[in-house]
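Reader: I would like a close look at a single part of this model, and then an account of what surrounds that part. Please keep to what can be read from the coordinates.

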Amino acid sequence: MAVVTEHTVDVVLPCLNEAEALPWVLARIPAGWRALVVDNGSTDGSADIARALGATVVAEPRRGFGAACHAGLLASGAEYVCFCDCDASLDPGLLTPFVRSVAAGEADLVLGRRRPLGRGAWPLHARAGNRALSGMLRRRTGLRLRDLGPLRAARREALVGLDLTDRRSGYPLQMVVRASDAGWRVREEDVPYLPRAGKSKVTGTWRGTWHAVRDMRAVLAEPAYPGAGGAR
């Protein structure tokens with residue numbers, strides 16, 4: 001199996017007021033990897049906490065989950081880029097086998113399928129929205145994924161080549177759709193999903209879930225991405 005050496009992996013952590021969760025998350029970044037905390041307008045001192053804990057902080061004033069993720073992708077200089085929520089619901093240490101799989105040429109994009117642990121880890125409305133989107137994704141691409149979770153890994157150059165344009169909640173879905181259109185091998189691995197720290201900015205309410213689903217439906221309505229070829 002290919003060995004992932006030091007300084008070849010950046011972990012993009014989109015962040016909006018996650019002061020409570022940051023110490024837990026950053027303590028679990030694998031040794032030798034760089035944490036890129038993308039501050040999306042926090043008012044609770046998240047950026048200062050991240051810097052104090054050794055992370056590289058990227059400022060993205062334009063609000064939106066996709067805006068933060070893409071700013072991190074563009075700021076990265078590593079061969080491999082990972083994404084992880086910054087709310088302590090997912091352990092970034094779980095990304096190690098994801099990157100190894102990509103480095104070994106076994107997959108082009110590896111996603112974490114969330115398996116909830118603990119009461120309140122994944123509210124019913126959020127699960128329902130995810131289930132509906134997974135079905136729509138299957139009809140659009142043929143990919144039989146059961147989740148569109150935020151824990152994922154791929155090669156940076158290949159991701160940049162997808163020319164992702166969504167800057168809201170549709171960003172994670174657009175990544176998968178365009179990867180499929182380009183012929184990427186997409187793999188899904190089970191990961192434990194913990195109750196998040198603080199309140200969700202996207203799927204914490206029915207209204208937030210509705211907005212996320214709306215953004216993602218717009219992505220699914222886009223014409224097939226013209227890019228061709230795998231990420232290898």
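Does D147 count as buried or exposed, and at what relative accessibility?

Author: The model is predicted, and what follows should be read with that in mind. D147 has a relative accessibility of 1%. Buried means under 20% relative accessible area, so D147 counts as buried. The residue lies in the loop between α5 and β6. Its C-alpha atom is 5.3 Å from that of R113, although 34 residues separate D147 and R113 along the chain.

The bridge partner of R113 is D190 in β7. β5 and β7 are joined by eight bridges and pair in the parallel sense. As for pairs of aromatic rings, the count comes to zero.

The sheet itself is open and has seven strands, in the order β3-β2-β1-β4-β6-β5-β7, with mixed pairing. β3 (56-59) and β7 are the edge strands; each has a single partner strand, so one side of each has no neighbour in the sheet. From one strand to the next, the twist averages 20 degrees.

At the β3 end, the pairings can be followed strand by strand. β2 and β3 are parallel and share four bridges, with L36 opposite T56 in β3. β1 and β2 also run parallel, joined by six bridges, and here L13 stands opposite V37 in β2. β2 is mostly covered, since five of its six residues are buried.

Helices lie against this sheet. α3 lies across β1, β2, β3 and β4 and runs at about 155 degrees to β1. α4 also packs on the sheet, where it touches β1, β4, β5, β6 and β7, and its direction makes about 30 degrees with that of β6.

Take α3 in more detail. Eight of its eleven residues are buried, so α3 is largely enclosed by the rest of the structure. Those buried residues are G66, A67, A68, C69, H70, A71, G72 and L73. They pack against β1, β2, β3, β4, α6 and α7, a list that includes helices as well as strands.

In α4 (residues 96-103), the buried residues are F98, V99, S101, V102 and A103. Their cover includes β1 (9-15), β4, β5, β6 (152-155) and β7 (186-193). Just after α4 comes G105, with a positive phi of about 80 degrees.

The buried set consists of Y171, P172, L173, Q174, M175, V176, V177, R178, A179 and S180. After α7 comes G183, which again has a positive phi, near 85 degrees.

In soluble globular proteins, nonpolar side chains tend to be buried together. Here the largest nonpolar core has 37 residues, and the members touching the most others are L109, L159, L162 and W184. At least two residues each come from β2 (34-39), α3 (65-75), β4 (80-83), β5 (109-116), α5 (124-141), α6 (156-161), α7 (171-181) and α8 (206-220). α7 gives the most to this core, with six residues. A second, separate core has 34 residues, among them C15, L22, L90 and V99. V99 is also one of the buried residues of α4.

L109 shows how the parts meet. Apart from its neighbours within four places in sequence, L109 is in contact with R152, A153, A154, M175, V176, A179, W184, R185, V186 and R187. Of these, M175, V176 and A179 are among the buried residues of α7.

For the chain as a whole, there are eight helices and seven strands. Buried residues make up 53% of the 232 residues, and D147 is one that counts as buried. Among contacts between residues at least 6 apart in sequence, 77% join residues at least 24 apart. The D147 and R113 positions, 34 residues apart along the chain, have C-alpha atoms separated by 5.3 Å.

Conventions:
Residues are numbered from 1 along each chain as its sequence is written. This is a predicted model: local features need pLDDT of at least 70, side-chain atom pairs count only at pLDDT 80 or more; totals for chains, interfaces and linings use all residues. Side-chain values use heavy atoms; hydrogens and water are left out. Rings of Phe, Tyr and Trp (its six-membered ring) pair if their centres lie within 6.5 Å; planes under 30 degrees apart count as stacked, over 60 as edge-to-face and the rest as tilted. A nonpolar core is a set of buried Ala, Val, Leu, Ile, Met, Phe, Trp, Tyr and Cys residues joined through side-chain atoms within 4.5 Å. Buried means under 20% relative accessible area, exposed over 50%, partly exposed in between (1.4 Å probe, protein chains only). Contact means heavy atoms within 4.5 Å. Two strands pair if DSSP finds at least two bridges between them. Axes are lines fitted to C-alpha atoms, for helices over the stretch in contact, and angles run from 0 to 180 degrees between N-to-C directions.
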